[in-house]
Amino acid sequence: MSALSSTRMLRTALVWSGIVTLVLAVVGGVVGLLVAGVSGLSSALVAVLMAAVFLAFTIVSILIANRFYGDPLFVPIFFGSVMGGWILKFVVFLVVLFVLRDQPWLTPMVFLISLIVSIIASLVVDVVVMMRMRMPAVSDT
């Protein structure tokens with residue numbers, strides 16, 4: 001049984017997102033350090049790491065679900081994995097934000113800007129990977 005055609009695209013998006021995350025961690029860390037000292041550095045690094053983990057979680061859940069391709073229960077496994085992962089990610093994201101909200105070492109504006117820039121960069125990577133990837137116009141079945 002061959003792999004799904006989307007698997008290659010998802011792996012590529014995961015690799016490029018990792019590279020962009022490293023670049024954002026360095027740039028965000030330096031800018032955070034210059035703007036707000038060590039507090040800004042840690043705020044930027046936590047925001048970039050948090051965005052990378054939560055955004056990669058969806059790709060990883062799809063890649064894991066794709067391993068069951070060909071199984072009679074593929075569709076329920078796929079949707080259960082993706083939706084369950086999304087709900088778990090949402091709840092954990094809210095818990096992390098509530099825990100970080102009152103931390104004395106966190107600079108809120110540096111954290112917010114780093115988080116937004118990281119999310120936008122990840123979305124740009126996803127769009128570029130999808131636009132450049134050659135996928136068949138017909139489904140895998």
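**Reading the helices, cores and rings**

Q: In which helix is the place of Ile62?

A: Ile62 has its place in helix 1. Helices here are DSSP runs of H or I with at least four residues, strands are runs of E with at least two, and both are numbered from the N terminus. The model is a predicted one, in which local features need pLDDT of at least 70 and side-chain atom pairs count only at pLDDT 80 or more, while totals for chains, interfaces and linings use all residues. Residues are numbered from 1 along each chain as its sequence is written, and side-chain values use heavy atoms, leaving out hydrogens and water.

Q: How many helices and strands does the secondary structure come to, and how do the elements run?

A: The protein has three helices and zero strands. Read from the N terminus, the elements follow the order α-α-α. The C-alpha trace spans about 55 × 30 × 15 Å along its principal axes.

Q: Why is Ile62 called buried, and what does it touch?

A: Contact is a separate matter and means heavy atoms within 4.5 Å. Apart from neighbours within four places in sequence, Ile62 contacts Leu10, Phe78 and Val82. Between the C-alpha atoms of Ile62 and Ala13, which are 49 residues apart along the chain, the separation is 12 Å.

Q: What share of the protein is buried, and what share of its contacts joins residues 24 or more positions apart?

A: Of the 141 residues, 31% are buried. Among contacts with a separation of 6 or more, 79% are between residues 24 or more positions apart.

Q: Which residues touch the most other members of the largest nonpolar core?

A: A nonpolar core is a set of buried Ala, Val, Leu, Ile, Met, Phe, Trp, Tyr and Cys residues joined through side-chain atoms within 4.5 Å. The largest one has 14 residues, and Leu10, Ile59, Ile62, Phe78 and Val129 touch the most other members. At least two residues of this core come from each of helix 1, helix 2 (74–101) and helix 3 (108–132). Helix 1 contributes the most, namely seven residues. Another core lies apart from this one; it has eight residues, including Ala47, Phe54, Leu106 and Phe111.

Q: How many aromatic pairs does the structure hold, and how is a pair described?

A: A pair of aromatic rings is described by the distance of the centres and the angle of the planes. Rings of Phe, Tyr and Trp (its six-membered ring) pair if their centres lie within 6.5 Å; planes under 30 degrees apart count as stacked, over 60 as edge-to-face and the rest as tilted. This structure holds five such pairs. In one, Phe54 and Phe93 have ring centres 5.5 Å apart and planes at 90°, so the pair is edge-to-face. It links distant parts of the chain, with Phe54 in helix 1 and Phe93 in helix 2, 39 residues apart. Phe54 is buried at 14% relative accessible area, whereas Phe93 is partly exposed at 24%. The rings of Phe78 and Phe79 are also edge-to-face, because their centres are 5.4 Å apart and their planes stand at 90°. Tyr69, Phe74, Phe78 and Phe79 make up one aromatic cluster.

Q: How many salt bridges does a search of the whole structure find?

A: A salt bridge is a side-chain nitrogen of Lys or Arg within 4 Å of a carboxyl oxygen of Asp or Glu. The search finds one. Asp102 forms a salt bridge with Arg101, with the closest N and O atoms 3.7 Å apart. Asp102 counts as exposed because its relative accessibility is 60%; Arg101 counts as exposed at 53%.

Q: Which residues make the nonpolar surface patch of about 970 Å²?

A: Patches are made of residues with over 30% relative accessible area and no salt bridge; like charges are joined within 9 Å, and nonpolar side chains (Val, Leu, Ile, Met, Phe, Trp, Tyr) within 5 Å. Accessible areas come from the Shrake-Rupley method with a 1.4 Å probe, and for residues only the protein chains shown count as cover. The patch is formed by Val15, Trp16, Ile19, Val23, Val26, Val27, Val30, Val31, Leu34 and Val35. Val23 lies in helix 1 (residues 5–66) and is partly exposed at 48% relative accessibility. The protein exposes about 9,100 Å² in total, of which carbon and sulfur atoms supply 78%.

How values were computed: Buried means under 20% relative accessible area, exposed over 50%, partly exposed in between (1.4 Å probe, protein chains only).
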